[in-house]
Every structure is written in structure tokens, then in C-alpha cells.
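Dear colleague,

Please find the sequence and structure below. My notes on what was found follow directly after them.

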There are 2 protein chains.
Amino acid sequence: MDVLEELRSFRERDLPYSRVLSSMCTIPHELAVKAHQLFIGTNLGDPGIFPGTVELEKKLIAMLGDLLHNKSCAGYICSGGTEANIQGIRAARNVMRKREPNIVIPKTAHFSFEKICDILCVEVRRVSVDEDYKVDLAEVERLIDEKTVAIVGIAGTTELGQIDPILELSKLAEEREIPLHIDAAFGGLVIPFMEDPYPFDFANEGVTSITLDPHKMGMATIPAGGILFKDEIFLKALEVETPYLTSKMQFTLTGTRPGTGVASAYAVLKSLGFEGMREIVRRCLRNTRMLVEEMAQLGFEPVIEPVMNVVAFKTDKAEEFKQELYRRKWVISTIREPRAIRFVVMPHVTEEVIKNFIAEFRKVI
Amino acid sequence: MDVLEELRSFRERDLPYSRVLSSMCTIPHELAVKAHQLFIGTNLGDPGIFPGTVELEKKLIAMLGDLLHNKSCAGYICSGGTEANIQGIRAARNVMRKREPNIVIPKTAHFSFEKICDILCVEVRRVSVDEDYKVDLAEVERLIDEKTVAIVGIAGTTELGQIDPILELSKLAEEREIPLHIDAAFGGLVIPFMEDPYPFDFANEGVTSITLDPHKMGMATIPAGGILFKDEIFLKALEVETPYLTSKMQFTLTGTRPGTGVASAYAVLKSLGFEGMREIVRRCLRNTRMLVEEMAQLGFEPVIEPVMNVVAFKTDKAEEFKQELYRRKWVISTIREPRAIRFVVMPHVTEEVIKNFIAEFRKVI
């Protein structure tokens with residue numbers, strides 16, 4: 001057997017996305033794949049060799065800045081939301097220069113903040129959420145002290161797709177002169193394309209950095225995360241010198257860095273345009289409502305009315321359902337507080353996928 | 001202009017590798033590109049969805065472990081050498097649990113250790129090198145104290161391709177019961193394929209982790225770095241819980257993680273085999289000697305006799321040469337101590353490339 005055949009045999013054991021209702025990633029867009037292939041040999045870690053790819057990244061960052069109400073934002077395309085969150089917090093920590101720094105984040109923040117706490121040696125103070133699963137503002141205020149180097153707000157929580165009260169967080173951050181990092185890894189390419197979008201971005205004076213991943217709702221190829229800063233000061237706070245490269249300084253976490261994510265993200269956003277993205281998001285939201293209706297007929301109630309294309313349904317049997325469905329080669333996920341089964345209605349979760357899933361789920365319950 | 005045409009116009013402004021003599025990356029192997037394409041939609045960050053790709057990664061890690069004299073090593077394929085070095089040091093730091101931890105590393109260590117120092121809040125103690133640019137053992141011993149959580153040795157320094165005295169470092173590490181991390185990002189896929197290879201790996205009892213990047217001499221597609229641990233204890237020291245994924249714990253730095261690097265690295269190593277890799281390395285070393293001879297005829301002397309396919313030549317005009325060559329669309333790099341121009345003779349640096357380069361360089365000097 002030649003090696004490509006062997007590889008194919010491994011690949012065939014993976015599950016198809018048509019049976020995955022748990023992931024914030026999706027099948028990359030056809031144009032993303034083509035763009036990726038054009039840039040497969042590129043390395044943004046050595047910019048002097050790849051001036052064209054560097055230029056393209058600048059255009060993409062400007063495009064994202066435009067979307068996020070800050071045309072002059074600074075940032076780069078990275079390995080994903082975890083690197084983006086690390087860099088957002090690291091930049092804030094380095095700018096603030098406190099001994100024994102802490103950050104104040106919602107309990108609903110992604111688990112990568114546990115890594116960040118360990119990696120960056122910052123204390124993580126987790127704040128309770130209200131009955132809508134939005135961060136409790138009074139508690140945020142109470143937990144801030146003179147050693148707080150960042151406040152974190154979430155625009156599209158991983159578990160429920162909820163949006164924190166970022167307007168109020170921004171005012172607080174401005175008053176207390178503390179950087180405000182927004183984790184919009186998922187929501188950053190959903191919210192701007194919704195009707196009457198919640199203003200989660202740089203339109204708020206207090207927001208200093210935003211995580212936004214094109215390889216989630218941007219349908220780019222993996223890896224394509226994004227970290228955007230309000231201004232260059234934060235990027236500068238990440239720099240180290242780079243002898244023996246074609247650059248002088250490097251602000252990225254990784255060194256060698258593929259240009260494929262830049263190309264694939266650019267291809268999708270440029271060709272679909274903001275109008276095309278609106279259509280994608282509209283369809284995902286419509287399918288989310290369809291899932292809610294189908295689940296209602298089976299007696300399941302959502303934890304909160306879905307804010308975007310993420311929804312969880314209360315059930316004490318969450319783990320059992322997940323495991324039994326996985327045995328049948330369907331992937332959903334669960335949350336623990338409250339016990340619920342969770343769905344992400346990505347572009348690959350079409351009406352047909354939902355119908356097939358509901359038919360299977362009927363057998364399980 | 002459609003978006004793919006636009007992308008092509010950016011890509012064309014990048015320099016071709018046939019004019020790059022400075023990079024530790026290269027044109028990916030043809031099979032690596034094909035393997036990459038098969039796995040373009042995979043995400044190892046959500047292993048339950050991609051059991052086939054997970055299995056393939058295990059096979060690759062075992063293959064690398066076999067090469068590094070430790071079939072039962074633990075590890076994973078990551079974004080590159082920087083992540084691998086971060087994780088090696090982070091694991092050691094977490095296992096050792098010291099207040100105000102420090103690490104003792106050669107002055108010749110890659111600049112990513114500056115990032116690591118900032119990111120992980122460890123003090124970096126840089127040790128002088130001897131006249132051969134190998135770390136000074138007596139100074140390593142002097143700088144170790146009760147707060148030292150790791151010693152670092154380099155197998156293939158970025159500037160000169162030198163190998164530290166890892167046998168002696170290993171004995172010291174064992175005696176003092178301190179983890180020894182080896183940065184073999186480059187050398188890890190060169191040294192094992194040389195005649196009479198220096199024993200830099202897990203054959204030494206004291207070595208606890210090794211960085212080894214398939215996207216350098218392994219001709220895999222970017223991103224394909226590697227971090228390997230002597231045993232699982234170190235990997236466990238990196239774990240955080242992962243609710244709402246198909247796994248329970250995650251030890252990687254990034255969350256979403258492409259399977260493309262696994263597939264492309266596996267394709268190259270499996271199809272070429274260790275014998276095929278020996279042939280690649282033999283050719284690179286032969287071309288390195290050719291470059292040394294050509295440069296000797298132009299009056300340039302190497303800083304040290306090349307140990308592997310990295311070589312630097314002393315000159316006070318290093319920066320001028322580099323800039324003038326870049327103006328002519330040739331990329332070399334420089335080092336600062338001593339002032340020298342530096343070359344990496346990767347598989348794409350063929351006899352013909354060297355001849356073309358020397359013809360151009362004659363005009364410059």
C-alpha cells in the first residue's frame with residue numbers, strides 16, 4: 001500500500017461534518033481551500049521572503065478592522081483563539097506591569113483561560129453570571145483591584161452563544177483605566193452580520209483587544225485565528241528581537257507561521273463580501289430556530305433563547321445522550337451548569353442534517 | 001479580477017526558495033503537499049471527531065520516538081519550534097514547582113527563548129560558549145541553583161548548526177535532578193541521518209524533552225513542529241480540562257489544531273524511510289562543503305567547520321552584503337558574534353542554486 005492510500009484509510013475513519021453538531025469549526029469554504037493551496041509553501045515568520053503574503057495579511061487585518069469599527073487597528077492572523085487570547089492578555093499584562101497580576105473574566109469564558117492563567121502566571125478571577133448567563137457587572141467591579149491588568153468580556157460564549165454587557169464593561173474599563181479584551185473568537189464573524197448587531201467591538205472606547213477566528217464562522221482553513229489590538233502599543237509590548245531573520249522584531253507567539261490562513265480568510269470575506277456573510281449567518285440562525293422547534297416537539301427547552309447559532313437544551317441525561325449518539329456516530333456536546341446538551345449550528349448543519357439528526361435522536365430518547 | 005487571481009498576484013510577489021539561502025524551512029516535499037490536501041479539513045483539537053487523524057498522530061510520534069531512542073515517548077505535533085520550546089519549559093516548570101523559577105540555556109539558544117522568558121515568567125540565565133560555540137559546562141554548573149527548573153541544550157544551533165555537549169549536560173541534569181530540554185528543532189531530523197551521529201537524544205538518561213520540527217528538515221508542510229517528552233508525567237503537567245469537546249483534557253498549547261502537519265510529516269518519513277532521509281541529508285552536507293569551497297575561493301573563511309548544513313562566514317561587511325543581495329532578490333542572513341553571513345543549505349539549495357548564488361555574490365563583493 002502506498003503512503004497516500006494508507007493516509008486515506010486513516011482519514012476515512014474520521015467522522016464527516018454532516019454528523020457533527022458540536023463544533024465551532026466547519027467544512028472550509030471551497031474558495032478557502034483553493035486559496036490555501038496557493039499559499040501552502042508560505043511562511044509569514046520570515047516576512048522578507050514573503051512580501052506578497054505580508055501585504056495580503058495587512059489587507060485582511062484592515063478588512064477586519066473595518067468590520068470592527070477601527071480601520072487603524074493592529075494585529076495578525078494566528079494559530080487560533082487560544083493564541084489570540086494568550087496574546088491579548090499578555091499584551092495587557094506587559095503594558096500594565098503589575099506584580100502578581102490578575103485578570104477578571106466571566107465564569108463562562110472558554111477553558112483556554114485556564115491555560116492562560118498557567119502559562120502567563122496571572123491570577124484568574126472568575127465572575128458569576130446572571131440568569132441570562134451574562135457576566136455580573138457588580139461582581140466584576142468588586143473583583144477589580146490595583147493589580148488587575150485586564151477585564152475580559154465574551155461576545156458569543158462557547159456554551160450558549162451569549163454576549164456579555166460589553167457597553168457597560170467598556171465604561172468600567174475606561175473609568176478604571178484597565179485594558180478590556182473581548183473574546184469574540186466565535187461571535188466576531190456572526191454578530192456583525194446579524195440584524196441590529198450588538199456593539200461588542202472597538203466602537204466602545206474601552207475595548208483594547210479582540211479575538212476573532214476566521215477558521216470558525218469565517219469558513220477559512222485551519223489554522224486561521226485572529227488577534228486585533230486597538231493600537232500598536234499593545235503589539236509592541238509583545239515584541240522580541242529576531243536576529244538571522246529578514247525582520248528585526250517579532251510580535252507573534254509562534255515563529256514559523258503559515259500564510260494559508262491569511263489567504264483562505266481573505267478569499268472568503270472578499271468574495272462573499274459582508275452581504276454574503278449576512279446571508280450565511282441568516283441561514284444559520286434560521287436553522288437554529290428550526291432545531292429549537294424540532295426539539296420543543298420532543299419536549300426539550302433551551303437554556304436561554306438562542307442569541308446566535310449556539311443553543312443548549314436542559315436535560316439530566318445530557319452525558320448519556322451524548323455517549324449514545326456518539327456510539328451511533330453523531331457528535332453533540334454537553335454543558336455542566338445547567339446540565340444540558342449543546343449544539344452549534346454551523347454552515348454545514350443544514351436543514352437536512354437537522355432532520356437526520358432529529359430522526360436519530362428520537363430513537364435515542 | 002476574481003479573488004483567486006488577486007491572490008495569485010500577491011503570491012507572485014513572494015521570493016522563490018531558489019533564491020533563499022537563509023531559511024530553515026524549505027519547499028515542502030511533493031508527497032507532503034498531497035498528504036496535506038487530504039487532511040485539510042481536520043482538527044486534532046476535537047479528537048472524537050477525527051479518530052483516524054488521532055491514530056495517525058500516534059503512529060508518527062512512535063516513529064519519531066523510535067528515531068530518538070525512546071519508543072514510549074509522549075508528545076504531539078504542534079505549530080512549530082516556539083510552541084515546542086514553550087511547552088518543554090512549561091512542563092519542566094510545572095513539574096518542578098519552584099517560586100521564581102529560572103532556566104539555564106546557552107547564549108546560542110534561539111530567540112524564541114526570549115519570548116518564553118516573557119510568556120512563562122521564568123528567569124533566563126544565558127551561558128557563554130567556548131571557542132567552538134558550544135555551551136560552557138562549568139558555567140552551566142555555576143548558574144544552576146535550587147530554583148533552576150530546566151537546563152537547555154541545543155542540537156543544531158540556529159546560527160552555526162553546532163551541537164552542545166549533551167552527554168555531559170545529561171550527566172549534570174541527572175546528578176542535580178533537573179529536567180534537560182533539547183532544542184533539536186533543526187538538528188533533530190539531520191543528526192540521526194548523519195554518519196556516526198552525535199547522541200543528542202533520549203539515549204541520554206537526563207534528557208526529558210526534545211523539540212524537533214518536521215516542517216524544517218522533515219520537508220513537511222507548515223505548521224508541523226514537534227514536542228516529545230521522555231514520559232507522560234510531563235505531558236500531564238500541561239493538561240487543562242476541556243468541557244464541550246469530545247476529549248476530557250487538553251495538553252496542547254493551541255486548541256483547534258490542524259492534522260495537516262501530522263499527515264505531511266508522516267507521508268515524507270514513511271515513504272522516504274530513514275534511508276531516504278539519509279540520502280537527503282548526505283546531499284545537503286555535500287552541498288554545504290561545495291559552498292564552503294566556493295566561498296574559500298572568494299576569500300571567506302567559515303566561523304567553525306560546519307557540523308551540519310548550516311554555515312557562517314566571517315566578514316565585517318555582513319549587513320551590507322545581506323542588504324545588497326536582498327536588493328538583487330537573494331536572501332541570506334547574518335549573525336552578530338562574530339560578524340558573519342550565514343547560510344542554511346536546505347534541500348532546495350541545490351548545486352545549481354549555489355552556483356547561481358556565487359555568480360551573483362561575485363558581483364556584490
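In chain A, strand β5 (residues 180-183) and strand β6 (residues 207-211) pair in the parallel sense, and 4 bridges connect them. Please bear in mind throughout that this is a predicted model. Within this pair, A:His181 has A:Ser209 of β6(A) as its bridge partner.

The sheet of chain A

Strand β2 (residues 102-106) of chain A pairs with β3(A) in the parallel sense over 5 bridges. Opposite A:Ile103 stands A:Val124 of β3(A). As to burial, β2(A) is mostly covered, with 5 of its 5 residues buried. In a regular strand, side chains alternate between the two faces of the sheet. For β2(A), both faces are covered: A:Asn102, A:Val104 and A:Pro106 are buried on one side, and A:Ile103 and A:Ile105 are buried on the other.

Helix packing

Two helix pairs deserve a description, one in each chain. In chain A, helix α3 (residues 51-67) and helix α9 (residues 260-297) have axes 10 Å apart and pack at an angle of about 45°. The two helices, α3(A) and α9(A), are therefore oblique to each other, and their crossing is left-handed. On the side of α3(A), the contact is made by A:Thr53, A:Leu56, A:Glu57, A:Lys59, A:Leu60 and A:Met63, while α9(A) brings A:Val262, A:Ala263, A:Ala265, A:Tyr266 and A:Leu269. By type, the residues of this contact between α3(A) and α9(A) are 8 nonpolar, 1 polar and 2 charged.

In chain B, α4(B) and α5(B) pack with their axes 10 Å apart, at an angle of about 45°. These helices, α4(B) and α5(B), are therefore oblique to each other. The crossing of α4(B) and α5(B) is right-handed. From α4(B), the residues B:Gly81, B:Thr82, B:Asn85, B:Ile86, B:Ile89, B:Arg90 and B:Arg93 meet B:Ser112, B:Phe113, B:Lys115, B:Ile116, B:Ile119 and B:Leu120 of α5(B). The contact of α4(B) with α5(B) divides into 6 nonpolar, 4 polar and 3 charged residues.

The contact between the chains

Chain A and chain B each give 77 residues to their contact. On the side of chain B that touches chain A, the elements giving two or more residues are α1 (3-11), α2 (30-38), α3 (51-67), α4 (81-96), α5 (112-120), β8 (240-241), α9 (260-297) and β11 (333-335) of chain B. That side of chain B is made up of 36 nonpolar, 24 polar and 17 charged residues.

Backbone features

Most residues other than glycine have a negative phi, and most peptide bonds are trans. Several places in the model depart from this pattern, as follows.

A cis peptide bond, with omega of about -5°, joins A:Glu337 and A:Pro338. The loop that holds A:Pro338 lies between β11 (333-335) and β12 (340-344) of chain A. In chain B, the peptide bond from B:Glu337 to B:Pro338 is cis, with omega near -5°. B:Pro338 is found in the loop between β11 and β12 (340-344) of chain B.

A:Tyr133, although not a glycine, has a positive phi of about 65°. Its place is the loop between β3 and α6 (137-143) of chain A. Because A:Tyr133 has 23 C-beta neighbours inside 10 Å, it counts as buried.

A:Glu177 is a residue other than glycine with a positive phi, near 55°. The loop between α7 (166-176) and β5 of chain A contains A:Glu177. With 8 C-beta neighbours inside 10 Å, A:Glu177 counts as exposed.

With kind regards

Notes. Residues are numbered from 1 along each chain as its sequence is written. Chains are lettered from A and ligands numbered from 1 in the order in which they are written. This is a predicted model: local features need pLDDT of at least 70, side-chain atom pairs count only at pLDDT 80 or more; totals for chains, interfaces and linings use all residues. Two strands pair if DSSP finds at least two bridges between them. Two residues are in contact if their C-beta atoms, placed from the backbone, lie within 7 Å. Ala, Val, Leu, Ile, Met, Phe, Trp, Tyr, Cys and Pro count as nonpolar, Asp, Glu, Lys and Arg as charged, and the others, Gly among them, as polar. Axes are lines fitted to C-alpha atoms, for helices over the stretch in contact, and angles run from 0 to 180 degrees between N-to-C directions. Angles under 35 degrees count as roughly parallel, over 145 as roughly antiparallel, 65 to 115 as roughly perpendicular and the rest as oblique. A crossing is left-handed if the near helix is turned anticlockwise from the far one by less than a right angle, and right-handed if clockwise. A residue is buried if 20 or more other C-beta atoms lie within 10 Å of its own, exposed if 12 or fewer, and partly exposed in between; C-beta atoms are placed from the backbone.
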